[in-house]
Amino acid sequence: MCTRFVYRGDDMITGFNFDIDLSVWKHKVIEEKERFYIGILRPDGTYHSYHGVNKNGNVGTLLYVHGNSAGTYQDSQNCMTIADLMEQFIKAQLSFDEVLQIVKSKKITYAPDVTMQAMLSDVHGRVLIIEPGIGYWEEHKRYSLITNYSLMKPESTKKFIVQGDDRYERALQLLDSYKNDFSISDAFSLLHTVRQEGEWATRVSFVYSAKEQAVWYAENNHFEHITKFVFPSAKQERSSHAAENLSSFKG
C-alpha cells in the first residue's frame, strides 16, 4: 500500500508514502552522494533502490498492485522487469527519455516474485506511469497521482480495492485544490492525510524539491520529526536535521 504524487507549481515537488508489512520486507533509509533511497533487502543480500531520488532529479517508486497474467515475468531479451528498469533509472544509468524508448520497444514485466506498477518523474516534472501487462502513459500536467490500483485499466483491480481505502480520491481532491505555491509543508500535509496504520503502516514518507535539490523524510508516521537531506552537489551545505521551513507543519 503506497501513495505517490508529482506536483508542478513554482517548484517541482514529488511525495511518496512507503507502506509495507514488516513481516514480509526489510528496509532502511539510505543517503548517498548520488542517491537518496529506501533500500529493500533482497535475497542477494543487497538493499536495492526501487524507491528513491537521484541527484539529477530522477524520482522513481514502485507500488504493489494485484498482478495480471499479461505482465508475468519472462526470461527473454525482449523483456525487462519493472524492478530492473526502476533501479537503473534511480541510479541514473537510464535517463527519462531512455526509459521511454525502452517501454516502447520492450515488454515490461513484473519481477519474478512480486507484482508492481511504477511512477517515474524527472526534474522537469515529466511523469511516466508503467503498468506491466497493461501499458504506459507519459504526462506533463499540474499534478499526477498513483496508488495501488490500475489507472489505465481500473476494472482489472477494482475488485481488490480494500473497503474504506479512499486514499486516491482524498489525495486527488487535495491536489486539485492547490495552486502554484504548493510547498514542502503542503506535500507533507497530503502524505499525513493518506498515511496508513496497522499491519501495512506507512514506514517512510519523503518529499523531494527540484528547486532545493533536497529530500525531506519522516519515518513510521512521526511527522513531527522530519529530517532533511541535501544532495552534496547543491549550493546549500549538506545537512541532516529538522527542516526549519517545516516548523509550521503540525500534522
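Modeller: Arg 42 counts as buried, because its relative accessibility is 16%. Buried here means under 20% relative accessible area; exposed means over 50%, and partly exposed lies in between (1.4 Å probe, protein chains only). This is a predicted model, in which local features need pLDDT of at least 70, side-chain atom pairs count only at pLDDT 80 or more, and totals for chains, interfaces and linings use all residues. Residues are numbered from 1 along each chain as its sequence is written, and side-chain values use heavy atoms, with hydrogens and water left out.

Where does Arg 42 sit? It is in the loop between β4 (35–41) and β5 (47–54). Helices (H or I, at least four residues) and strands (E, at least two) are DSSP runs, numbered from the N terminus. Arg 42 touches Trp 25, His 48, Tyr 50 and Asp 113, leaving out residues up to four places away in sequence. Contact means heavy atoms within 4.5 Å.

Now the setting. The protein chain has four helices and 15 strands. Its radius of gyration is 17 Å, close to the 18 Å that the globule rule gives for 251 residues, so the chain is as compact as a globular protein of that length. That radius is taken over C-alpha atoms, and the rule is 2.2 Å times the number of residues to the power 0.38. The C-alpha trace spans about 50 × 40 × 35 Å along its principal axes. Of the 251 residues, 53% count as buried.

The largest nonpolar core holds 48 residues, and Leu 85, Val 99, Ile 130 and Phe 206 touch the most other members. Helix α1 (residues 82–90) gives the most to this core, with six residues. Another core, of 22 residues, lies apart from it; among its members are Phe 5, Val 207, Trp 216 and Phe 223. A nonpolar core is a set of buried Ala, Val, Leu, Ile, Met, Phe, Trp, Tyr and Cys residues joined through side-chain atoms within 4.5 Å.

Helix α1 is mostly covered, with seven of its nine residues buried. Among them are Leu 85, Met 86 and Glu 87. Just after α1, Ala 92 takes a positive phi of about 65 degrees.

Val 207 lies in strand β13 (residues 202–209). Its relative accessible area is 0%, so Val 207 is buried. Its contacts beyond four places in sequence include Ile 13, Ile 184, Phe 188, Leu 191 and Trp 216. Trp 216 sits in strand β14 (residues 214–219). Trp 216 is also buried, because its relative accessible area is 0%.

Last, the start of the chain. Met 1 falls in the segment before β1 (2–8). At 15% relative accessibility, Met 1 counts as buried. Met 1 and Trp 200 are 199 residues apart along the chain, yet their C-alpha atoms are separated by 6.7 Å. Met 1 is in contact with Trp 200, and its other partners beyond four places in sequence include Phe 18, Tyr 149, Val 162 and Arg 167.
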